[in-house]
Amino acid sequence: MKILHVVGARPNFPKLAPVYRAARVAGLDQIVMHTGQHYDDAMSDAFFRDLGIRPPDVNLGVGSGTHGQQTARIMERIEPELVKHQPDWVVVYGDVNSTAAAALVAVKLGQRVAHVEAGVRSNDRSMPEEINRIVVDRLADLLLTPSRTADATLRAEGEPASEIAFVGNVMVDALLFAVERARVTGARKRVGVENGKAVVVTLHRPANVDNLLRLEGIMRALRVVAADRPVLFPVHPRTRTRLDAAGIDAGKVKLMEPVGYLEMLDLMDAAHAVVTDSGGLQVESAALGVPCLTVRDTTEWPETVTCGANRLVFDPVGLPAAVASVRRLAQAPRPEGWDGMAAVRVVDCLRTR
Amino acid sequence: MRLLHVVGARPNIPKLAPVYRAAAARRADQIVVHTGQHYDDALSASFFRDLELPPPDINLDVGSHTHAVQTARILERLEPIVVAEHPDWVVVYGDVNSTLAAVLVAAKLGVPSAHVEAGLRSGDRGMPEEINRIIADRLASRLFTPSRDADEILRREGEPEDKIVFAGNVMIDSVLHALPRARVLEPRWRGTDRPVVVTLHRPSNVDDPRRLAALAEALVAVSADRQVVFPAHPRTQERMRAGGVSMPGVTVIPPLGYLEMLALVDGAHAVITDSGGLQEETTVLGVPCFTVRATTERPVTVREGTNVIVRNPSEIPAGVRAARRRVNPPRPEGWDGRAGERVVAGLGVI
């Protein structure tokens, strides 16, 4: 059996990694195709080594552009590759443009598509990721879900039960695989934070960083938080551009270069709380038992909220009080399927269907 | 109110026409973008004339390619136009690659989009059109359906009630509008008797040489009784040449304009086709239709109309021989010539 994995942006790799390793153990042929929709220098050999996988076999080098341009380039460049490799399964991950574009091309070629992290919805169609999710789930032949909520969402959208398989959360697989090594990276020591004191921040969504009033409001709240405790903010390049352009004052907030996967895990593990608009960090902080404050009005990971690890704080004015009130969870919550075995179940599904 | 209509292939144009006319009557601001996804479209221009439409405002000239490349070109070239034109609605039609690409562009830009002829399903995902339909329906903000069974399909797919608007069949609007003009045409391709009219273009029929040969054999047998006129899609003619398939006795002609084709079908004894549109047009004209496919996305044409699904080509000659034209053709609900007006009302054009 031959599997062709398609990944396109950094958040895809921690999802790919456990599936890749499980398929290697199962002795399957694998090709990892990186569309190159998101390229950054931090994605070096060390990045892949951290995740326990080899670098991608093929890089299509599509680069950045508008959604239309990028999706177009991915479609054009991936079609001949899919024709050439004739995989038994095209496996796509998450919700980036590559996810939707690869599924569309594969389905038109009559190739079978499996979507890892299916049925995840924010119910906010102004998010480009939500459009990608809706498209890929409509097209894929095998919908591998991270939660029972996702199963129910797909059934409500009319997807047949035979195409839906609950496997659990592959991002948690990656985290459990890496967390011990993360704790010996020394990242928390290098940054100089005491355990359980700092707040780790990430922001990258257009809704937060493209709207200057909103970005200024969030930064004002973070400056207030930084008066009491260290605030570490590894800045996404897109966010950096916006901050610089607007000349927004960071105050005592420590702006940092983006950090690697293991270092980020170690910083989060050492944190008092995480403030983010990322989907992946909501899951990762919950899995570490670190309180997460999500600066959005929707979440695609409701189980992180119901297990008590995550709270939506849409209005940044509420952030300082929220940061002051949260406590680390005594025990890291483990919703169903957060057991480190999701990728094994993914590979079982691929082999038996 | 500004509407940006996107069409890409000939079958879209009779669907656009009634919507365009109804919106023009209410003085809506309209832009028609033709993606040019058909390379053989000298005929596209004649379709616009035949349907009394002004020529498209913008032509993207994407040309004919693989599905992925064609869809990609449409995405790239359409996106800046939607950004520049600021429409209140992007309106798409049917099930071609342009339909899918345009709703995807609109969805990512946060521009509302409407799909005219929503909720049709063949249930066969091997048809590229089926993929285009299911994505267009999932992404569009308003779904105009041609029949009540399409409403039901969309509900089962979890589409919210307020997205679904029963409009009726816009293609039938065009047939009823054009029929008086078609009937006074001097026919170029009709003999003395009522002919049998054939169209074939789907990959499942024309890409497999054995299937194409079996169809050719059936058509040759039919031509023993009656003249068989076959306006052949260039793609089909190419496949016939490549597969060494010949049809002695069958009158193979180039594709026809909208009015000429309507006149030919209106005067026919029967139609043999794999097209979606002809299954509907023959129903309102009372002309027996033999659909050479395993499935239809237009079941109302079988239930209420003149359409019969024929899976095995060898059944065609006897079927055609026994067929009789209907004197009082049926009119399914919403096939009343006013579907375009209901679409425009549903878009809130006042």
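Which residues make up domain 1 and domain 2 of chain A in the domain assignment? Domain 1 of chain A covers 2-168 + 338-352, and domain 2 of chain A covers 179-325. Colour the two ranges separately before going on. Keep in mind that this is a predicted model, with scores of ipTM 0.89 and pTM 0.91.

**Stop 1: the two domains of chain A**

Next, show the contact between them. Domain 1 of chain A brings 15 residues to it, and domain 2 of chain A brings eleven. On the domain 1 side, select helix α2 of chain A, residues 45-51, which gives the most to that side, with four residues. By class, the domain 1 side that touches domain 2 in chain A holds eight nonpolar, four polar and three charged residues.

**Stop 2: helices α7 and α16 of chain A**

Select residues 170-182 of chain A for helix α7 and residues 342-352 of chain A for helix α16. Two packed helices are described by the angle between their axes and the distance between the axes. Here the angle is about 130 degrees and the axes are 7 Å apart. An angle over 145 degrees would count as roughly antiparallel, and 65 to 115 as roughly perpendicular; α7(A) and α16(A) are therefore oblique to each other.

Now show side chains at the meeting point. From α7(A) come Val170(A), Val172(A) and Asp173(A), and from α16(A) come Ala342(A), Ala343(A) and Val346(A). The contact of α7(A) with α16(A) has five nonpolar residues, no polar ones and one charged.

**Stop 3**

Is Glu180(A) buried or exposed? Glu180(A) counts as exposed because it has 8 C-beta neighbours inside 10 Å, and the cut-off for exposed is 12 or fewer.

From Glu180(A), draw a distance to Gly289(A). Their C-alpha atoms are 15 Å apart in space, while the two residues are 109 apart in sequence. Gly289(A) follows α13(A) and has a positive phi, near 80 degrees.

**Stop 4**

Most residues other than glycine have a negative phi, and most peptide bonds are trans. Two residues of chain A are worth checking on this point.

Select Gln86(A), in the loop between α3 (67-85) and β4 (89-93) of chain A. Gln86(A) is not a glycine, yet its phi is positive, about 45 degrees. Gln86(A) is exposed, since 10 other C-beta atoms lie within 10 Å.

Then go to Asn123(A), in the loop between β5 (113-116) and α5 (128-139) of chain A. Asn123(A) is also not a glycine, and its phi is positive at about 60 degrees. With 10 other C-beta atoms within 10 Å, Asn123(A) is exposed.

**Stop 5: across to chain B**

Show both chains and the contact between them. How many residues of chain B are in contact with chain A? The contact takes 24 residues of chain B and 24 residues of chain A. On chain B, select α3 (67-85), α4 (97-109) and α5 (128-139), each of which supplies at least two residues of the side touching chain A. α3(B) gives the most, with nine residues. The chain B side that touches chain A divides into eleven nonpolar, six polar and seven charged residues.

**Stop 6: the two domains of chain B**

Chain B has a mean pLDDT of 94, and 98% of its residues reach 70 or more. Its domain assignment gives domain 1 as 2-168 + 335-346 and domain 2 as 188-322. The C-alpha centres of these two domains of chain B lie 26 Å apart. Domain 1 of chain B puts 16 residues into the contact, and domain 2 of chain B puts in 14.

Finish on helix α2 of chain B, residues 42-50, which provides the largest share of the domain 1 side touching domain 2, four residues. That side of domain 1 of chain B holds seven nonpolar, four polar and five charged residues.

Definitions and conventions:
Residues numbered from 1 in each chain as written. Chains lettered and ligands numbered in written order. Axes fitted to C-alpha atoms, helices over the stretch in contact; angles between N-to-C directions. Parallel < 35°, antiparallel > 145°, perpendicular 65-115°, else oblique. Contact = placed C-beta atoms within 7 Å. Nonpolar A, V, L, I, M, F, W, Y, C, P; charged D, E, K, R; others polar. pLDDT = per-residue confidence, 0-100. Domains from an automatic or database assignment. Buried ≥ 20, exposed ≤ 12 C-beta atoms within 10 Å, placed from the backbone.
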